[in-house]
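Subject: Structure handover

Hi,

Here is the structure you will be working with. Please open it next to this email and follow along.

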Amino acid sequence: MSPDNVALHCRNLSVRFGGVMALCDVDFRVVQGTITALIGPNGAGKTTLLNVVSGLVECCSGTVGLLGQDMTRVPAWARAQAGVVRTFQNLEVFTTMSVLENVMTGAHRDVRYGVLGALFKTPRYFLEERRCRALAEEKLEFVGLFAERSLPAWELPYGRQRLLELARALAAQPQILLLDEPAAGLNTRETQALAGLIRRIRDELNITVAIVEHDMELIMRISDAVTVLHFGQVIASGAPFEIQKNPEVIAAYLGEDAR
Amino acid sequence: MSSTLRQLTPVAAFFLLVLATPFLLRHDYYYLSILTMAGIFAIIVLGLNLLLGFAGQISLGHGALFGIAAYTTAVLTGTYGLPLAVGAVSGVGLTALVAMLIGMPVLKLKGYYLAMATLGFGLIVYIFFNEAIGLTGGPSGFVGIPVLEVFGFVFDSDLSYFYLVWSMVAVALLTSLNLIHSKYGRALMALHISETAAQSMGINIARHKLFVFVLSSVYAGIAGVLYAHYLNFVAPSSFGFHFSVQLITMVVLGGMASLWGGIAGAVFLTVMPEFLRFYENLEVIIYGLILILCMMFLPKGLAGGVCKLLSNVRRRFGREP
Amino acid sequence: MDLASLLQFLASGLTVGSTYGLAALGFTIIFNTTGIINFAQGEFVMLGGILAVVFMHWLDPGLPAAILLAVVATTLVGLLMERLTIRPVRNASAINLIIVTIGVSITIRGLVMLFWGKDTYVLPAFSGMAPIHLLGATIIPQSLWILGIAVVVLALLKGFFSRTIFGRAMLACSFEPRAARLVGISVERMVMASFMLSAFVGAVGGVILTPLTMTSYDVGVLLGMKGFAACILGGLGNPFGAAAGGLILGILEAFGAGLVSSAYKDAIAFVVILGILLWKPSGLFGVPDTERV
């Protein structure tokens, strides 16, 4: 695999919280145009790794390469502007805004007018707001939330809020989308729909997806590659069917069940 | 655009009310001057509401920012006899500059720590006003600030100043309304609810906080200039901790994140003490009690109370809210 | 700077600082059970001092009894405040509750002004005014009283929070109110107790300070502000930090006044506090809050 089609490449990442080694010398790569899953038992450091990639947690050592650039020291907002956008395990919906405004907030970096344009509502403002609104509506349509667009976000049921986060992230027009347990709290039918949606994100929108998830069935069905973390270390990575047979992975999961 | 129209209707009504007020008051200059003061405070409150109500960042230093503008124009026009335009522009400009220099380090702090830091800033400025007697006149105040004059028109009557101040309130209101319906407004509300999510959407939190802090200081600066040239006299006691707390109270009492509410809060808290004058010794107690009761029974402030009342009325008459 | 003036500054700094520390403790106690800053804390301090004076003049029961009455009365004011203004709206947002406490502080000031005017009152010193000379520094006996009583209150509070069931329960509901309720702790009772306790601590501070600095209806504003500064400096929520913050603030002021200028002593103290906050955004002994993602 040539390095220029690797969208995300973490090398030798280590993260320490107090005395605890949350991540230890982790290598993680996501090839452009794939859905790559990050799995592992509870407390393996999956979310921490996602936080390091998105810039919310700083690593003690190692590098984070995104879209061919070293972004280890780049702040979270700048990574998002560069095209690396994420969703959250515990929903972080902007509850007081409407559904549409939430998604329009996602398109923040793409709306081009200055402060004066906003204060005095210049023609540029109207033009750009209309474009932003159209973009947001398109993303809402994509995830199937268009009908609820003018509701306040807090009124949406849990499963719909998850979709809202997804639409908001898509409105940022990412090149890499990081999903942190998108199926948590969803019922079987919603999870099924989500699987289809994530595939469409890859195929129709050409977005590279890295996904942290507990739902093995979902992972095995949609991902092109899987990396397994255990106690902050990578114990395996490869195609889903290889991972399923990997004795070390099985032991890690069994170990968790036995506990 | 219909949404713009819907926004403009209340603004137009507001304009008419402002125009009519002097006639409704039968040109009673005492009340007119109180309302002029209320207007000056409303300008600060509009900015502070953007900061506190929308972006969720507290400031107990806005009294001081207001004072910096007032003293700057006072000293430049009063002591050095510079043109009013220079005083006004430097007053607002210096306020914004100070806000930027203070805001850059201080806005990294959160909640009560931010409150403490801005309080400390306010106190330091307040002490400076008191002690730099050669510049400010010290505790007894600065006298001899010239009357405002714009393009040859002299604002020396209460009526003309009333209209001037309230036109500025209207401008501040319109620009604030515009701002909250823009990407900046969305970004501010977003970082209020979740800084994590906001920065993950590509919003530079530090920059947006600084922006809204400086913008609100510009509003406070404009108010400061208007204040200095209205009273032609300034004293440190108007810009202390008490006043900063009162500004916060105006925002919360009016209704957090409601720009109209903020104006109502400013007017209410400025006008009320004038009515309480009749009760002499009980004045302070009644003021305190009204504050307590309002906050206890109108949790969303005056704006929330009015909204609730309106929707009740609508339900009564069988119309959909 | 010679040893004598160093000692002198230190002594006056510690004296004033321990009353700031007591005010700061009051803030901390209420913050820990409710998450709000009680703007009426300074009024508790003021009430302690002024009520002691009032009881002395009216009933003339002797100084110790007057002090006791004043402290008890202020504690009752704390109870009343919680019952009447906080409990009925306990689910309101923090900022609303804070404005309520501002209203309470204004009302208390208004009442004191109504009954006893704007005059300045003195309380006799606990054991005479004959200064003690120590290594060239002059120390007023009242200073020793202030330091001693502050230390005793601090020690008692420490014992209360770490040894008694009630005190531990109070700490528990500061960490996790829902969990506290689940294990059968009545959060309402804890909030009520915290208002009484912080009124008590504030009143003690007011009573011991009054012989040294005199009192009037409006001294609470400044003392409250200093107490708030002290508990932020020490790290909000940490009682030890609050006390330490008070002492540091007092010492800063004393040295600022002595070495630079008494007019700018507050400014100097607050510049230092600002510097410390920028260096440690959660105060000296506070735990930085880590946002969980």
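Strand 7 of chain A, residues 176-180, is mostly covered. Five of its five residues are buried. A residue counts as buried if 20 or more other C-beta atoms lie within 10 Å of its own, as exposed if 12 or fewer do, and as partly exposed in between; the C-beta atoms are placed from the backbone. Helices (H or I, at least four residues) and strands (E, at least two) are DSSP runs, numbered from the N terminus.

This is a predicted model: local features need pLDDT of at least 70, side-chain atom pairs count only at pLDDT 80 or more, and totals for chains, interfaces and linings use all residues. Residues are numbered from 1 along each chain as its sequence is written, while chains are lettered from A and ligands numbered from 1 in the order in which they are written.

Back to strand 7 of chain A. In a regular strand, side chains alternate between the two faces of the sheet. Here I176(A), L178(A) and D180(A) point one way. L177(A) and L179(A) point the other way, and all are buried.

Which strands pair with strand 7 of chain A? Two strands pair if DSSP finds at least two bridges between them. Strand 6 of chain A (residues 84-86) pairs with strand 7 of chain A in the parallel sense, over three bridges. There, V84(A) stands opposite I176(A). Strand 8 of chain A (residues 208-212) also runs parallel to strand 7 of chain A, and five bridges join them. L178(A) stands opposite A210(A), and D180(A) has V212(A) as its bridge partner.

Helix 7 of chain A (residues 188-203) forms a right-handed β-α-β unit with strands 7 and 8 of chain A. Right-handed means that, with the strands pointing away from the viewer, the path from the first strand over the helix to the second runs clockwise.

Now strand 8 of chain A. Five of its five residues are buried too. T208(A), A210(A) and V212(A) lie on one side, with V209(A) and I211(A) on the other. Strand 3 of chain A (residues 35-39) pairs with strand 8 of chain A in the parallel sense, over four bridges. T36(A) stands opposite A210(A).

Next, chain C. It has eleven helices and two strands. Along the sequence the pattern is α-α-α-α-β-β-α-α-α-α-α-α-α. The radius of gyration of chain C, taken over C-alpha atoms, is 19 Å, close to the 19 Å that the globule rule (2.2 Å times the number of residues to the power 0.38) gives for 293 residues, so chain C is as compact as a globular protein of that length. The C-alpha trace of chain C spans about 60 × 50 × 35 Å along its principal axes. Of the 293 residues, 51% count as buried.

Finally, where chain C touches chain B. The contact takes 38 residues from chain C and 30 residues from chain B. Two residues are in contact if their C-beta atoms, placed from the backbone, lie within 7 Å. Helix 4 of chain C gives the most to the chain C side, with 14 residues.

Best wishes
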